[in-house]
Amino acid sequence: DNLGTFWFPFLSETWWKSESSYFLEHPPLVYGIQSLFFKVLGDSMYVERVYSFLTAIITAYLILHIWKLILNDNSELRKLAWLPILFWIVIPVCFWSYQSNIHENTMGAFTLSSVYFVLKGLNVKRNTFFYLLLSGISIFLASFSKGIPGLFPVVVVFLYWLTNRSITFSKMAIYSMILILTPILIYSILLLNNEAYESLTFYLNKRAFYRIQGEPIVGNRFYIVNKLLMELLPVIIIGSALLVIYRLKSIKFNYSNTYKNNIIFFLLIGGSGSLPLILTHVQRGFYFTPSLPFYAIGFSLIVAPGLQELINRIDIERKSFKVFKTMSFVLFFIIIFVSGLQIGKKGRDYNTLHDVYLIGDIIPESSIINIDESIYVHWGLQFYLMRYFKISVDPSTKQHEYYLVEKERSAAPLGKYKKVLLMTKQYDLYKIDQ
């Protein structure tokens with residue numbers, strides 16, 4: 001509808017957080033990429049799902065190739081590339097994130113690619129500066145997707161030096177400067193553009209720094225640590241169970257120094273992408289989603305040698321492999337069948353979406369309606385109305401034809417309003433009685 005631009009994505013006529021109709025809560029890259037998907041595929045709700053699924057596929061692809069890269073000299077363990085992908089996807093918030101199409105999905109693909117390029121440059125021993133430049137560009141793209149949190153891979157070369165010591169301190173410093181200076185240089189060029197400057201400085205000053213200092217969501221800064229441990233619990237349980245099995249089966253293996261260093265390296269990367277959230281009271285469980293692949297790789301490295309020995313013992317090349325393959329196909333078709341049953345269903349915010357569709361059938365498209373001030377911050381309601389019907393909500397005293405309140409929690413609007421009889425679940429709609 002030609003509303004907004006790349007630097008100023010349009011949200012609604014009444015959006016107040018950016019002092020305009022534009023949504024400047026994050027840098028604009030994710031909106032820009034998804035807008036291309038909408039242009040090509042239309043504005044169905046399945047467009048978001050296609051995009052989110054694509055980011056999941058890219059993430060899995062990068063996990064697989066990082067695993068193969070760090071285990072380049074171990075052909076047996078390279079075959080277990082499915083293990084870190086399994087550990088990653090069983091983390092509950094990870095699965096939820098890709099259902100919900102959050103910014104961290106895109107950011108995570110770029111942070112993973114930045115680490116992959118660093119490892120490629122340091123392990124292949126050629127074109128190192130080229131790969132570090134690609135890593136720096138990936139870090140820029142990660143920060144251009146979700147802001148400051150996307151910058152955490154700038155410490156990867158330092159962590160590599162700290163754990164492996166296969167490069168000198170001076171090389172570590174030079175390589176790290178490439179990762180730091182590349183996004184700085186790109187942002188410096190972008191900020192020469194007036195629209196880019198206005199958009200990015202608003203995000204940085206009015207949103208990022210403000211959220212670090214205020215707007216508390218949690219009372220305890222260490223909430224995120226507890227949340228992280230709870231989300232990693234399935235991986236910890238599976239890993240612990242495997243270690244117990246190894247002990248019962250008398251499976252013994254030794255980690256080489258390099259192997260142990262890689263375990264520590266990936267766990268530290270995970271920590272660098274999640275633990276800095278302690279610095280702010282603005283914490284949500286999905287904020288650390290981009291760090292989860294690194295925890296998955298780290299935990300997988302811990303159990304992989306024993307698992308490979310266990311697989312060898314049960315002779316997976318024969319009957320066990322046939323059973324495994326059959327079970328895999330059965331599981332695959334079950335997943336496809338269950339996914340097919342979900343077509344047309346709403347995964348979350350069911351009651352809100354139920355009401356939004358009823359309301360959207362009554363109110364003309366592109367309208368502005370009054371809304372009780374207490375529910376203006378029901379972002380799902382507001383964004384669904386705009387997403388599907390281009391209806392903006394106004395909490396001011398300016399009078400519009402329709403007024404929306406929350407059932408049982410909001411008083412009926414003052415003035416000549418009459419309740420519209422709809423089978424809504426969460427909200428009541430009123431219309432001026434002419």
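This is a predicted model: local features need pLDDT of at least 70, side-chain atom pairs count only at pLDDT 80 or more; totals for chains, interfaces and linings use all residues.
A residue is partly exposed when its relative accessible area falls between the buried limit, under 20%, and the exposed limit, over 50%. N193 has 38% relative accessibility, so N193 counts as partly exposed. A polar atom of the N193 side chain lies 2.9 Å from the backbone nitrogen of A196.

Next comes a helix. α14 covers residues 292-313, 22 residues in total. From first C-alpha to last, α14 reaches 31 Å, close to the 32 Å expected at 1.5 Å a residue. The axis still bends, by about 45° at V303. A proline, P305, follows within four residues. Most of α14 is covered, with 17 of its 22 residues buried.

Now the charges. How many salt bridges does the structure hold? The structure holds 7. One of them joins the side chains of E104 and K146, at 2.3 Å from N to O. This pair links distant parts of the chain. E104 belongs to helix α6 (residues 103-124) and K146 to helix α7 (residues 128-146), 42 residues apart. Are the two partners buried or exposed? E104 has a relative accessible area of 2%, so E104 is buried. K146 stands at 11% relative accessibility and therefore also counts as buried.

A second bridge pairs the side chains of E401 and K431, 3.6 Å from N to O. E401 lies in the loop between β2 (392-394) and β3 (402-406), while K431 lies in strand β5 (residues 427-432), so the contact ties together parts 30 residues apart in sequence. E401 is partly exposed at 36% relative accessibility. K431 is partly exposed at 31%.

Strand β5 also carries D428. The D428 side chain meets that of K407 in a salt bridge of 2.8 Å, N to O. K407 is in the loop between β3 and β4 (417-419), so this bridge ties together parts 21 residues apart in sequence. D428 counts as buried because its relative accessibility is 9%. K407, at 23%, counts as partly exposed. Salt bridges with shared partners join K407, K419 and D428 into one network.

The aromatic rings come next. A pair of aromatic rings is described by the distance of the centres and the angle of the planes. The count comes to 23 aromatic pairs. Take F6 and W7, with ring centres 5.1 Å apart and planes at 85°. Angles over 60 degrees count as edge-to-face, so the F6 and W7 pair is edge-to-face. F6 is partly exposed at 34% relative accessibility. W7 is buried, with a relative accessible area of 12%. Ring pairs also link F6 and W7 with F140, F144 and Y187 into a cluster.

Y357 and Y388 form another pair. Their ring centres are 5.5 Å apart and their planes meet at 35°, so the pair is tilted. Y357 is in helix α16 (residues 350-362) and Y388 in helix α17 (residues 379-389), 31 residues apart. Both tyrosines count as partly exposed, Y357 at 28% relative accessibility and Y388 at 22%.

Last, a charge meets a ring. The charged end of R165 sits over the ring of W161, 4.1 Å from its centre.

Notes: Residues are numbered from 1 along each chain as its sequence is written. Side-chain values use heavy atoms; hydrogens and water are left out. Helices (H or I, at least four residues) and strands (E, at least two) are DSSP runs, numbered from the N terminus. The expected span of a helix is 1.5 Å times one less than its number of residues. The bend at a residue is the angle between axes fitted to the seven residues ending there and the seven starting there. Buried means under 20% relative accessible area, exposed over 50%, partly exposed in between (1.4 Å probe, protein chains only). A polar contact is a pair of N or O atoms within 3.5 Å; within protein, one must be able to donate a hydrogen and the other to accept it, and residues adjacent in sequence count only if both atoms are side-chain atoms. A salt bridge is a side-chain nitrogen of Lys or Arg within 4 Å of a carboxyl oxygen of Asp or Glu. Rings of Phe, Tyr and Trp (its six-membered ring) pair if their centres lie within 6.5 Å; planes under 30 degrees apart count as stacked, over 60 as edge-to-face and the rest as tilted. A charge sits over a ring if NZ of Lys or CZ of Arg is within 6 Å of the ring centre and within 35 degrees of the ring normal.
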